[in-house]
Amino acid sequence: MSVSERDKYTGHMTTGHEWNGIKELNTPVPLVLLVFLSAAFLFALGYWILMPAWPLGDTYTKGTLGFDQRQHLAKQIEKNDSEQSRWIDPLVQLDFDAIQGNSQLMAIVDESGPALFEDNCAMCHGSDGDGGRYFPKLNDTSWLWGSDPNVILQTLAVGINSTHPDTRIAIMPGFGAAGVLSAEVIENLVAYVQSISSSHNTSIEQANMAGKEAYSMYCAGCHANDGTGNSVVGAPNLTDDYWVYGGDTTALTATLTHGRKGHMPAWDKRLSLSERRILTLYVLSLNQSVVTGDKP
Amino acid sequence: MTFPERALATRITLLMLGIGLIMAFAGHDIGFRLQGAVVVAATLATLVVLFLIRTQPEPSPQELTYYYDAPIKAGIYLSLIWAVLGMFVGVWVALLLAYPELTFDYAWSSLGRLRPVHTSGVIFGFGGNALIATSFHVVQRTSRTRLPDQLSPWFVLLGFNLFCLVAATGYLLGITQSKEYAEPEWYADIWLVIVWVTYLVLYLRTLARRQEPHIYVANWYYLAFILVVAVLHIINNLAVPVSLLGSKSYSLFAGVQDAMTQWWYGHNAVAFFLTAGFLGMLYYYLPKRAERPIYSYRMSIISFWGITFMYMWAGSHHLHYTALPQWVQTLGVTFSVMLIVPSWGSAGNALLTLNGAWHKVRDDATLRFMMVAAVFYGISTFEGSFMAIRPVNSLSHYTDWTIGHVHAGVLGWVSFIVFGTFYSLVPWIWHRQRMYSLFLIEVHFWLAISGTIIYLIAMWNAGITQGIMWRTYNESGTLTYSFLESFVAMHPYYVARAFGGFLFLIGAVLAFYNIVMTVRHMPIEREVNKDIPVGLMPVQSGEATA
Ligand code: HEM
């Protein structure tokens, strides 16, 4: 069976084995392959000598370079921190007025704000702060809690209706579900609320007086007599044309019947103070760009 | 199958039916019950087939002295069905990344559930069936012997497909172990162990019956594939089920040990499932088709041992810069770099085998499929060794570059070798003069190569862009780009990738059509098959089965 023969094309001998017509040549391993194999092995050997490599019981060969990825990372972080402290220190120490007056610090806010916002806030507030249903718009001038930077900073730290012990609490009671108001009163209230909002052109006269009376009794305490809201309890302004939960009759009826309780996470454990301060100023700048009309 | 084999087959199927019924009616969670329903449906279908063939005569003594090709034929069809299905879901998943609304708001069509249907569908369904079918073919021909019995090949083939089916439907239901390429839960894993051990025993029994003095290289690779996959699968899937009637289990490993076990498995799944098995295929069908001797027996040997030895150490290159101790990463880098040599040894051996047959490569699209496969095998292993170097990996890791690399392997290498093989094998075992349409093979070749190239270029660009965007800093040391921006930047590449994948899918559909038409419309010609006949040892008709 084992009969070697010479392959006409390559001139090499076969091994003499055959499997269903397949034969093999006995060609020696090409030199390049052996050279590459040795080169690759030498590379590996060098690497093993220089770097942590082989386990030895409960320790390992440390390598002659003494390189350790954890120490290397710690050093890199330290270096970055010390470089950044140049602007982080003033950013956390100065008050907002002073920062806003400092063009160098504001340049850092401008270049770092967008990515921070998109990575942490855009999924709820939209990448331009445009908001959406259930999530307030941040690039306008109507604020639930006020436009003071320190107020915004506090909101970012503790969140709203969040798990933070000092969270801000914003509860719109569910008057219908709690049995406080009947469906009829709610209907009147909806008509009244629409009449004072600039998003509807029904006038106060057209709305019935029952609605107005119920409003001063049940709602004015939080939303103010004139409906302009109260930033101490986070009660929104009802007279403007912006709605978080919708201004049509169905949405308003749902708001008054079941109440609302939006959730804004607390960020004090996830973002550093300097990052929260950058975001505060960035959120405010979104707002100004709406006023002046140019994009951030 | 002989009558005793049919009786045994019926008993095994009834047992499985019983298990399926228990799962379906006593299961604690709805997912587990539906999985039971899948088992019930599959076993009932098997019983119907067994009933229909009950009166067919037993194989004649004369038939028993010829090769057993029926399970190979079934395996080819199953492989093609999974190919079309898996690649279709692949195109869908690709489109989802560009147009997320294509989930149509169902839970089952979310990316997290469809993606494993795609990966398992093509790797296990398409690749696995192709490997099982061709391994049965190669081991019989190169050992000049018939498979030792008629039942265990069917058990292996159909059992494996039941595993694939349970896995894929499970993913849609949200059942997963969250281990990549090892997502199926404990009950599917146990079933696969039974199937796979039967496969190993069957393969060894066939080799033991061989009528040739030596074992051909292709069989070393198939055997390595079967043996190592068994070991990998068992160890990585060690887990404790919450309940024997529920789908959830908890892995025996935790933390960094779990990660290392998973990627030791993951990388060797690449090495032994997606590489060793298909090298076995290459080593048989390429020289057969080219009608040339293997260039160098000695290169085969060093490549085989190089690949089997070195791959085992390389898994940690999936975990660079993580909590994994650095020395483990070092071993991963160095063995990955050394791996390039035996890998190129195999690719080179294949290409040099074509010396003297290059005119055939030009004229014969089937052989060209195999030639391109060897080239892409060389490309993806070079790329892999490069990406395993830590600083390179720090750019490529977590990006679509990895996806590009994977697909150089699975499209360019694995799929090309399978299609080249099928186009050769189908006329041989069905005794046809040639494939139904040589023109369609040519069209398929060009669709597949352009699809692959579009895919790869899109993903290389996408990956490098992502990697660079993620590490671009402002002067102040803060990040310039948000993750969202890097994602938005991917959109054009994702669209291009979906298009490339679509071309590849069309090619697979053409292959399916062409193969079906060959079987249905090409005249049978006995003398086409130039196989050397089986050696003189007849099969005992009642031989025990696994
Ligand atoms: C010398 C041989 C090879 C080496 C050293 C190698 C190396 C690598 C590396 C470094 C990664 C990226 C790991 C990460 O950053 O997450 C990877 C991923 C991958 N490679 Fe390879 N590769 C090789 C050959 C192949 C071949 C031939 C195939 C396919 C047939 C393949 C399929 C894959 C797959 C599926 C992944 C993705 C794993 C995941 O899901 O993250 N590789 N390989």
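## Ligand contacts and one arginine

A polar side-chain atom of Tyr181(B) lies 2.8 Å from an oxygen atom of the ligand, a polar contact being a pair of N or O atoms within 3.5 Å. The model is predicted, with local features needing pLDDT of at least 70 and side-chain atom pairs counting only at pLDDT 80 or more, whereas totals for chains, interfaces and linings use all residues. Side-chain values use heavy atoms, leaving out hydrogens and water, while residues are numbered from 1 along each chain as its sequence is written.

Side-chain contacts with the ligand are listed here.

| Residue | Ligand atom | Distance |
|---|---|---|
| Tyr181(B) | oxygen | 2.8 Å |
| His397(B) | oxygen | 2.5 Å |
| His405(B) | nitrogen | 2.9 Å |

His405(B), which lies in helix α14 (residues 400-429) of chain B, is also the only protein donor of the ligand's iron atom, through NE2 at 2.1 Å; donors are N, O and S atoms within 2.8 Å of the metal (3.2 Å for Na, K and Ca), and water is not among the atoms, so sites may look incomplete. The shell around the ligand holds 26 residues, counted when a heavy atom lies within 4 Å, and α14(B) gives the most to this shell, with 6 residues.

Arg146(B) is buried yet has no salt bridge, the nearest side chain of opposite charge, Glu63(B), being 6.1 Å away; buried means under 20% relative accessible area (1.4 Å probe, protein chains only), and a salt bridge needs a side-chain nitrogen of Lys or Arg within 4 Å of a carboxyl oxygen of Asp or Glu. A polar contact of 3.0 Å joins its side chain to that of Gln150(B).

Note on methods. Chains lettered and ligands numbered in written order. Buried < 20%, exposed > 50% of the residue type's maximum accessible area, 1.4 Å probe, protein only. Lys, Arg positive; Asp, Glu negative; His and termini not counted. Polar contact = N/O pair within 3.5 Å; in protein donor to acceptor, adjacent residues only side chain to side chain. Helix = DSSP H or I, 4+ residues; strand = E, 2+ residues; numbered from the N terminus.
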